[in-house]
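Welcome to this short tour. Please open your viewer, keep the selection panel at hand, and follow along stop by stop.

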Amino acid sequence: MASSAMELSLLNPAAMRGLSAAKPRVVSSRRIVRFRVASSAAAPPAAKPGTPKKRGKTEIQETLLTPRFYTTDFDEMERLFNAEINKQLNQEEFDALLQEFKTDYNQTHFVRNPEFKAAADKMEGPLRQIFVEFLERSCTAEFSGFLLYKELGRRLKKTNPVVAEIFSLMSRDEARHAGFLNKGLSDFNLALDLGFLTKARKYTFFKPKFIFYATYLSEKIGYWRYITIFRHLKANPEYQVYPIFKYFENWCQDENRHGDFFSALLKAQPQFLNDWKAKLWSRFFCLSVISELFRCLHGPTVHTEDCYCAPLLTVFVCDPLQVYVTMYLNDCQRTTFYEGIGLDTKEFDMHVIIETNRTTARIFPAVLDVENPEFKRKLDRMVEINKKIIAIGESDDIPLVKNLKRIPHVAALVSEIIAAYLMPPIESGSVDFAEFEPQLVY
């Protein structure tokens, strides 16, 4: 994947500098620390007071909170998009989408200005710390999408050149986003070593249909998160703590277009939408009872091997993208971030969940009844259980005692998750797949 890192560097030269420099670069009398996501589970020892910081790249631990990288069955992908095999492919729809992506509305949008560094210098305390985490996680997630889309574009080039080119153009968007976020980290004297990530990270395998479900939801929920934050800060400029949010209006349309493309991919594979199994999978992915949920249960310093309950939770998980339950529990651990920009975390999340669910109902055959008050009550109970699990993890007890104490709380959490999944769903989706009409959900 070295070529992938090279292409990212063409969009953002700052990314390339992180590929090789072993020593920090000094720019304008300030030190930029380039850091890698380490595969080791061992936490670095805390620095003693008064001890000078070591020069060089700072390793951050690859905890259960770190976004993952993905791969899929590329041979199956080639069969799905082979026009000779799959007569359901609507090539005119893909041609229309390709023209949308070729237009590249945001080609000149991601241009920085001096406001960024000035805003970063003013940020301090817990907000600064959580904001750095936001940039790092977001950059990693965007770069993960870049790698997956780039490989799909390469593998499908002979089978379906139009679909392949769309994937390549989406990788362009993701690379642009990752480079912009990584440049934001430089305002805090940090930078992700994206070249190292490409080579060192483990890749999670997903079947193609799961890629379609999960990525569609991820892109659409990303749209609603970004546009909601943008509108809020436009109405309340006193909370504009960092100028990256000013870019969210156009940025979110990239997410929306990506989601529309995955909607078209699903329509081209009606077997993923038209039977009872599709309804169960649709609700499953909406609820997002997934591996990142396990990650968010234990806080940012817990590693997989520390938790006895991983096998239990993986029965219910298969997608590390942020949706519904995952987003709600994850965000409720980061209220400092949302309070810092003037948002109520739970109100924000419920707005995003409801709007995403309404959008998803246009294509998924069944969705959760998230507007039922009982659904939010279940989410709130999960948050309280989650807090207890985190408190146990942060206690001074030995690992065995911690695991024993966690058992009833994990059981309670799983019970709430199953109850939410079994709530009567809303039948939805399009049976006849009406003629494609490109729209902006804004």
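Is Phe-337 buried or exposed? Select Phe-337: its relative accessible area is 4%, so Phe-337 is buried (buried means under 20% relative accessible area, exposed over 50%, partly exposed in between, with a 1.4 Å probe and protein chains only).

Before the next stop, a word on the model. This is a predicted model, in which local features need pLDDT of at least 70 and side-chain atom pairs count only at pLDDT 80 or more, while totals for chains, interfaces and linings use all residues. Residues are numbered from 1 along each chain as its sequence is written, and side-chain values use heavy atoms, with hydrogens and water left out.

**The whole chain**

Zoom out and colour by secondary structure: you will find 18 helices and eight strands (DSSP runs numbered from the N terminus, with helices being H or I of at least four residues and strands E of at least two). Of the 442 residues in the chain, 55% are buried. Take contacts (heavy atoms within 4.5 Å) between residues at least 6 apart in sequence: 83% of them join residues at least 24 apart.

**Aromatic pairs**

A pair of aromatic rings is described by the distance of the centres and the angle of the planes. Rings of Phe, Tyr and Trp (its six-membered ring) pair if their centres lie within 6.5 Å; planes under 30 degrees apart count as stacked, over 60 as edge-to-face and the rest as tilted. By this rule there are 44 aromatic pairs.

Now select Trp-281 and Phe-284, an edge-to-face pair with 5.4 Å centre to centre and 85° between the planes. Both residues sit in helix α11 (residues 276–287), three residues apart, about one turn of the helix. Trp-281 has 26% relative accessibility and so counts as partly exposed, whereas Phe-284, at 14%, counts as buried.

Tyr-338 is buried, with a relative accessible area of 3%.

**Two crossing helices**

Finally, show helix α16 (residues 345–360) and helix α17 (residues 373–393), whose axes come within 12 Å and cross at roughly 135°. That makes α16 oblique to α17 (angles under 35 degrees count as roughly parallel, over 145 as roughly antiparallel, 65 to 115 as roughly perpendicular and the rest as oblique). To see the contact, display Lys-346, Met-350 and Ile-353 of α16 with Phe-375, Lys-376, Leu-379 and Asp-380 of α17.

Note on methods: Axes are lines fitted to C-alpha atoms, for helices over the stretch in contact, and angles run from 0 to 180 degrees between N-to-C directions.
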